[in-house]
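Please read them with the structure open beside you.

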Amino acid sequence: MSEILKVKNLVKTFGGLTAVKDLSFTVKKGLITALIGPNGSGKTTTFNMISGHLKPTSGEIYFENTRIDTLPPYKIARLGVARTFQNLEIFGHLTVLENVLLAVNSRLKVFLWESVIRSPSFFKKEKEAREKALEYLRLFNLEDWAEKPAASLPFGLQRYLEIARALATCPHLLLLDEAASGLDAREKDLLKERIEAFKKEGVTILLVEHDMNLVMELADEVIVLDMGRKIAQGTPREIQRHPEVIAVYLGEG
Ligand SMILES: Nc1ncnc2c1ncn2[C@@H]1O[C@H](COP(=O)(O)OP(=O)(O)OP(=O)(O)O)[C@@H](O)[C@H]1O
């Protein structure tokens, strides 16, 4: 199975603190990989380096064989990497639909001059984009909220909106940072169902997750970090039996 993401000897220091220590791993195309570990083990820092929001102190990251650790976030996004954030980053003052339209438009390449002169191609693209955006909202039962400000959505639905927006860029790799955090049991069920559906459609998923039930049910592969180091990588069953992983999680409790 081919690799879509390769992380090589990644290091990130913040002043005197080394948050990520010589981290290497690969993510296989078409699978769901989970990055787990106790609080402060370096998961979000690793995500931020993959999406370009943080520059590594050293090491290399390759996405579909292109080196990306030197690129800014928008170029990495353009290559096909989309992400969500632990602390949601939606545009609260825009409507729910507009949030997703932004992502769709960036893909359909609606040019400014087209919207200024209101050319026939603009109206055609606008209609197409609206229909597409509504399709993404329907995935999470958000269509009735389309014209409401995103900030007015209940928390769980804001999480869904962020995922719908990420998906609207048609990513090859989707990074989900604690997507289940703050969701109730029913919301988690829909999230799980959707993630499984994205996988079937060929999207590779890398998720940071604290909900171990979700990780064990969804993930094909699990990577475990502790204090910035990778201590294990394997199937959920292998990880559950791994002595170092057991020691870390027992120590946490
Ligand atoms: N911008 C920053 N400046 C200084 N230290 C940071 C910064 N970002 C993260 N850290 C530190 O780096 C370490 C790893 O943090 P990180 O957020 O990556 O961990 P995490 O595994 O995602 O934790 P959590 O599960 O709590 O979200 C922590 O000690 C954190 O305090």
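1. Is helix 1 mostly covered or mostly uncovered? Helix 1 is mostly covered, with seven of its eight residues buried. Buried means 20 or more other C-beta atoms within 10 Å of the residue's own, exposed means 12 or fewer, and partly exposed lies in between; C-beta atoms are placed from the backbone. The buried residues are Lys43, Thr45, Thr46, Phe47, Asn48, Met49 and Ile50. Helices (H or I, at least four residues) and strands (E, at least two) are DSSP runs, numbered from the N terminus.

2. Some ground rules. This is a predicted model: local features need pLDDT of at least 70, side-chain atom pairs count only at pLDDT 80 or more, and totals for chains, interfaces and linings use all residues. Residue numbers start from 1 along each chain, as its sequence is written.

3. Look at methionine 49. It sits in helix 1, which spans residues 43-50. Methionine 49 counts as buried because 25 other C-beta atoms lie within 10 Å. Setting aside neighbours within four places in sequence, methionine 49 is in contact with Leu10, Lys12, Leu54, Pro56, Ile61 and Asp69. Contact means C-beta atoms, placed from the backbone, within 7 Å. Threonine 26 is 23 residues away from methionine 49 in sequence, and the two are 14 Å apart in space, C-alpha to C-alpha.

4. Axes here are lines fitted to C-alpha atoms, for helices over the stretch in contact, and angles run from 0 to 180 degrees between N-to-C directions. Just after helix 1, glycine 52 takes a positive phi of about 90°.

5. Now the ligand. Its shell consists of Phe14, Leu17, Ala19, Gly37, Asn39, Gly40, Ser41, Gly42, Lys43, Thr44 and Thr45. The cut-off is a C-beta atom, placed from the backbone, within 6 Å of the molecule. Helix 1 gives the largest share of this shell, three residues. Strand 2 and helix 1 each supply at least two. By type, the shell has three nonpolar, seven polar and one charged residue. In this scheme Ala, Val, Leu, Ile, Met, Phe, Trp, Tyr, Cys and Pro count as nonpolar, Asp, Glu, Lys and Arg as charged, and the others, Gly among them, as polar.

6. Two strands pair if DSSP finds at least two bridges between them. Strand 1 (residues 3-14) and strand 4 (residues 58-63) are joined by five bridges. Across this pair, lysine 8 stands opposite glutamate 60, and lysine 6 opposite tyrosine 62.

7. Strands 4 and 5 form a hairpin with two residues between them, and glutamate 64 in the turn has a positive phi of about 45°. Two bridges join these antiparallel strands. Phenylalanine 63 stands opposite threonine 66.

8. A second open sheet has six strands, in the order 6-7-8-3-9-10, with mixed pairing. Its edges are strand 6 and strand 10 (229-234). Neighbouring strands in this sheet are turned by 15° against each other on average, direction ignored. Strand 6 (residues 81-83) pairs in the parallel sense with strand 7 over three bridges. Strand 7 runs parallel to strand 8 (residues 204-208), joined by five bridges. Strand 3 (residues 32-36) and strand 9 (residues 221-226) are also parallel, with four bridges.

9. Helix 7 (residues 185-200) lies across strand 3, strand 7 and strand 8, at about 145° to strand 8.

Definitions and conventions: Contact = placed C-beta atoms within 7 Å.
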